[in-house]
Amino acid sequence: MHFDLAHAAVTIVALIVTNLVLKSAGVINEENKHQLNWKVFLAYFVVVFIINLVWPI
């Protein structure tokens, strides 16, 4: 059970870091913050995919 919680915590931290990197790169700005952005979706997908490759549940 604690491995699932650790996996979830690592995934959340990785997504927060990804979000901050995308904001600093200018991919996410105030105009399109609440719209579906395929670049953001793809970045999140890649991050979660890599985490699950390295650390499967």
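Visitor: Why is Phe41 called partly exposed?

Guide: Its relative accessibility is 46%. Buried means under 20% relative accessible area, exposed means over 50%, and partly exposed is in between (1.4 Å probe, protein chains only). So Phe41 counts as partly exposed. By the way, this is a predicted model: local features need pLDDT of at least 70, side-chain atom pairs count only at pLDDT 80 or more, and totals for chains, interfaces and linings use all residues. Residues are numbered from 1 along each chain as its sequence is written, and side-chain values use heavy atoms, leaving out hydrogens and water.

Visitor: What makes Phe45 and Phe49 a stacked pair?

Guide: Rings of Phe, Tyr and Trp (its six-membered ring) pair if their centres lie within 6.5 Å; planes under 30 degrees apart count as stacked, over 60 as edge-to-face, and the rest as tilted. Here the centres are 6.0 Å apart and the planes sit at 15 degrees, so the pair is stacked.

Visitor: How many aromatic pairs does that rule give?

Guide: Two. Trp38 and Phe41 form an edge-to-face one, with 5.6 Å centre to centre and 85 degrees between the planes.

Visitor: And Trp38, why is that one called exposed?

Guide: Trp38 has 58% relative accessibility, so it counts as exposed.
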